[in-house]
Amino acid sequence: MKLLITGASGGIGRVLREGLAGQYDLVRLADVVPLPVPPAANEEWIHFDIGNLAAATAACAGIDCVVHLAGIPVEPRENAWEQLLHANIVGCYNMLEASRLAGVRRFIFASSNHVVGFYRRDRIVGLDALPRPDSLYGASKVFGEALGRLYADKHEISVACLRIGSFRPEPEDTRQLATWISPEDMVQLVKRCVDAPTFHFVVAYGISNNEGGFWTNRGIEWLEYNPVSRGQDAAVRLANAPAEDAIARLFHGGSFCSMNFEGSPARID
Ligand SMILES: NC(=O)c1ccc[n+]([C@@H]2O[C@H](COP(=O)([O-])OP(=O)(O)OC[C@H]3O[C@@H](n4cnc5c(N)ncnc54)[C@H](O)[C@@H]3O)[C@@H](O)[C@H]2O)c1
């Protein structure tokens with residue numbers, strides 16, 4: 001099994017690299033910024049920009065499974081559309097098209113919980129919920145999931161879309177008690193998707209074993225993702241954390257919902 005990890009120099013990429021070390025024949029690490037630690041014996045390094053299809057295709061040569069993390073991981077405060085268009089829209093298309101051109105059979109996409117951010121917190125959402133993005137960032141991930149579905153159905157690439165919650169060493173605010181995914185669970189989730197027997201298309205919420213979570217992975221027990229970390233263990237430490245604003249606390253997406261908000265909460269069922 002030969003893996004390509006895009007965005008390998010980033011926060012999740014660094015943790016996956018360490019957590020998956022020595023378990024596959026090759027791990028090719030690619031990013032637009034240098035790796036913090038030089039490549040080891042069964043690793044390769046490629047400097048590339050996912051905005052360039054030729055570079056993306058070269059990065060996919062000989063690869064069995066792409067773990068696509070590269071992108072803008074937040075709602076940018078300035079030039080949001082231009083930044084997201086390049087990295088999350090064009091870049092995601094390039095990585096899927098490059099995978100098709102290079103004969104890659106499996107594609108794991110770092111989607112986000114912000115694809116369903118405008119669901120209300122009193123509603124637990126499953127894997128078949130309609131998209132309800134809370135930001136241009138969330139909408140860019142909806143695009144990635146839709147493109148993944150297209151490439152699964154039309155080009156028979158197995159695609160997993162991971163709606164990652166809040167990836168941190170520890171929950172940092174009260175919302176993250178519900179949305180947290182620990183580094184250990186993140187590694188497990190990606191590894192399950194890499195190692196699982198053939199599948200067609202799957203969506204999974206990237207969350208730890210948190211109490212009071214907003215999302216359920218019911219229906220994909222076959223993936224055998226069994227998170228071990230528990231957000232609630234940080235609850236005492238966060239008892240005096242600042243309260244969320246009036247919009248953020250209504251919806252799954254928290255502060256992504258209140259950013260630039262001009263709507264009427266009463267109309268958002
Ligand atoms: N961290 C989280 O809590 C979280 C939650 C939901 C989804 N995600 C998604 O997971 C992925 C990884 O997140 P992260 O927290 O590691 O983010 P990060 O910013 O730490 O890492 C992203 C990496 O992508 C690289 N990158 C950006 N644009 C690129 C380009 N044009 N070409 C090549 N590389 C490029 C960056 O250099 C960076 O190393 C992102 O797609 C993000 O949207 C993260």
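Okay, ground rules before we start. The model is predicted, so local features need pLDDT of at least 70 and side-chain atom pairs count only at pLDDT 80 or more, while totals for chains, interfaces and linings use all residues. Residues are numbered from 1 along each chain as its sequence is written, and side-chain values use heavy atoms, with hydrogens and water left out.

Let's start with the cores. By nonpolar core I mean buried Ala, Val, Leu, Ile, Met, Phe, Trp, Tyr and Cys residues joined through side-chain atoms within 4.5 Å. Buried is under 20% relative accessible area, exposed is over 50%, and partly exposed is in between, with a 1.4 Å probe and protein chains only. The largest core has 70 residues, and Leu16, Met95 and Leu162 have the most contacts inside it. Helix H6, residues 183-195, gives the most to this core, with six residues. Helices here are DSSP runs of H or I, at least four residues, and strands are E runs of at least two, numbered from the N terminus. Apart from that core lies another one, of six residues, including Ala80 and Phe256.

So who does Met95 touch? Contact means heavy atoms within 4.5 Å. Skipping residues up to four places away in sequence, Met95 touches Leu4, Thr6, Phe48, Ile50, Ala56, Cys60, Val66, His68 and Phe107.

Thr6 is on that list, and it sits in strand E1, residues 2-6. Thr6 is buried, at 0% relative accessibility.

Now the helix pair. The axes of H2 (residues 53-60) and H3 (residues 80-102) come within 8 Å and cross at roughly 50°. Axes are lines fitted to C-alpha atoms, for helices over the stretch in contact, with angles from 0 to 180 degrees between N-to-C directions. H2 and H3 are therefore oblique to each other; under 35 degrees would be roughly parallel, over 145 roughly antiparallel, and 65 to 115 roughly perpendicular. On the H2 side the contact is made by Leu53, Ala56, Thr57 and Cys60, and on the H3 side the residues include Asn94, Met95 and Ala98.

Last one: is Ile220 buried or exposed? Ile220 is in the loop between strand E9 (201-206) and helix H7 (255-258), and it is buried, at 10% relative accessible area. Beyond its neighbours within four places in sequence, Ile220 contacts Leu127, Val202, Val203 and Ala204. Ile220 and Ala204 are 16 residues apart in sequence and 7.6 Å apart in space, C-alpha to C-alpha.
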